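These notes are meant for a colleague who is opening this structure for the first time. Please read them with the model in view, point by point.

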Amino acid sequence: MADALIESFDAVLSDLDGVVYAGPHAIPGAVESLQRLETVGVGLGYVTNNASRTPAQVAAHLRELGAPAEDHQVVSSSQAAGELLASMLPSGAHVLITGSAALAHEIELVGLKPVHSAAEHPVAVVQGFNPEIGWKELAEASYVVAGGAKWFATNTDMSIPQARGMAPGNGTLVAAVAAATGQYPLVAGKPEAPLFHAAAKRLKADRPLVVGDRLDTDILGGNRAGYATAAVLTGVDTKHTILAARTDERPTYLLSDLTELYEPYPDVVGEDHSFRCGEASASVEDNVVTVIGSEDDLDAWRAACAAWWSAVPDASEAQAPKLEWRSH
């Protein structure tokens, strides 16, 4: 019997929304899969770009859903930003906070002094999501950045899901300051590597698996960090968008959901210009991927991804091939 996929790793670095929960409810099978990690000796960390809630608040929400979550298991983009700033600034340096009280707290914890005005002579600006931010705060950040201060952002997600739909995320607020100053920040959160490195370091993990539902944040960030990545189909990205992914956003593994961590991952084997996975196979000719198998079979999509990615190894933009399906 082949080993379960999870046995190749010493930790899981999991995204939250779209992997563990969708809105207020846990995704079926997710909580049980996360609980099971301890029984197989695999560490667990949660990586989140949400800089408006403290790790303790995030952990409390996860525990309400039944998921295992100690406060230290949650690594936020605010914490990653704190570590990044502390590595580049002298202790006690003044940092303008354009964000939440949770962000200010993380900056304080690493020995820096949060301030809220250019009059307090900040040497850096750190910007994180806060729904209360208005024009005055963005203007203050712009004045300080334009004056030559170092500029950091927790993350640059352009949108954030809300109960009423998609709303502007931190990236839109960062873009406002960028437009005013012509400068661009160093980013600590996804899709940059520092957040993932901070999480792995906390868990003392050498072989973490990054699990996420978004190619442009979770998978890109995990790849940039040098870790194996698994895309799950319980959130934003789909089999079609994953097939079309640009090179930097291609996951190592394609999973239906977290329960498949405990199953053997099927080999994808290249043979005579085609790729086989399980009972399915795929080949590429003239930008058409011909798949022998069923659209309902994830192995068929794994074969299709292998064939297409082999044919288009250097894709700087998402590129969707035409698909032709044939039965066995």
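**Notes on the model**

1. Asp 286 counts as exposed, at 70% relative accessibility, where exposed means over 50% relative accessible area, buried means under 20% and partly exposed lies in between, with a 1.4 Å probe and protein chains only. The place of Asp 286 is the loop between strand 18 (280–285) and strand 19 (288–292), and its phi is near 55°, a positive value in a residue other than glycine. Helices (H or I, at least four residues) and strands (E, at least two) are DSSP runs, numbered from the N terminus.

2. This is a predicted model, in which local features need pLDDT of at least 70 and side-chain atom pairs count only at pLDDT 80 or more, while totals for chains, interfaces and linings use all residues. Residues are numbered from 1 along each chain as its sequence is written, and side-chain values use heavy atoms, with hydrogens and water left out.

3. Backbone geometry deserves a look at several further places, given that most residues other than glycine have a negative phi, and most peptide bonds are trans. Lys 204, which is not a glycine, has a positive phi of about 55°; it sits in the loop between helix 7 and strand 13 and, with a relative accessibility of 73%, counts as exposed. A cis peptide bond, with omega about 10°, joins Lys 190 and Pro 191, and Pro 191 belongs to the loop between strand 12 (186–187) and helix 7.

4. The second largest pocket holds about 200 Å³ of space. Of its 14 lining residues, those closest to the centre are Thr 156, Asp 157, Pro 191, Asp 216 and Thr 217. A pocket here is found on a 1 Å grid over the protein atoms alone, as an open set of points where a 1.4 Å probe fits, with protein on both sides within 12 Å along at least five of seven lines, and lining residues have an atom within 4 Å of a point. Grid points are joined across faces, edges and corners, and the volume is the space filled by probe spheres set on the points.

5. Which classes of residue make up the lining of the second largest pocket? There are eight charged, three polar and three nonpolar residues, where Ala, Val, Leu, Ile, Met, Phe, Trp, Tyr, Cys and Pro count as nonpolar, Asp, Glu, Lys and Arg as charged, and the others, Gly among them, as polar. Helix 8 (residues 215–225) supplies the largest share of this lining, with four residues.

6. Helix 8 is largely enclosed by the rest of the structure, because eight of its 11 residues are buried. These buried residues are Leu 215, Thr 217, Asp 218, Ile 219, Leu 220, Gly 221, Gly 222 and Ala 225, and what covers them includes helix 7 (194–203), strand 13 (208–212), strand 14 (228–232) and helix 9 (239–243). After helix 8 comes Gly 226, with a positive phi near 90°.

7. Two packed helices are described by the angle between their axes and the distance between the axes. For helix 3 (residues 77–88) and helix 4 (residues 101–109), the axes come within 8 Å and cross at roughly 35°. Ser 78, Gln 79, Gly 82 and Leu 85 of helix 3 make the contact with Leu 103, Glu 106 and Ile 107 of helix 4, contact meaning heavy atoms within 4.5 Å. By class, the residues of this contact are three nonpolar, three polar and one charged. The axes are lines fitted to C-alpha atoms, for helices over the stretch in contact, and angles run from 0 to 180 degrees between N-to-C directions.

8. Glu 260, in the loop between strand 15 (253–255) and strand 16 (268–271), has a relative accessible area of 16% and is buried; leaving aside residues up to four places away in sequence, Glu 260 touches Leu 5, Leu 254, Leu 255, Leu 298 and Arg 302. Asn 170, in helix 6, is buried with a relative accessible area of 1%. Leu 44, in strand 4 (residues 43–48), counts as buried at 6% relative accessibility, and Leu 44 and Ala 200 are 156 residues apart in sequence yet 9.5 Å apart in space, C-alpha to C-alpha.
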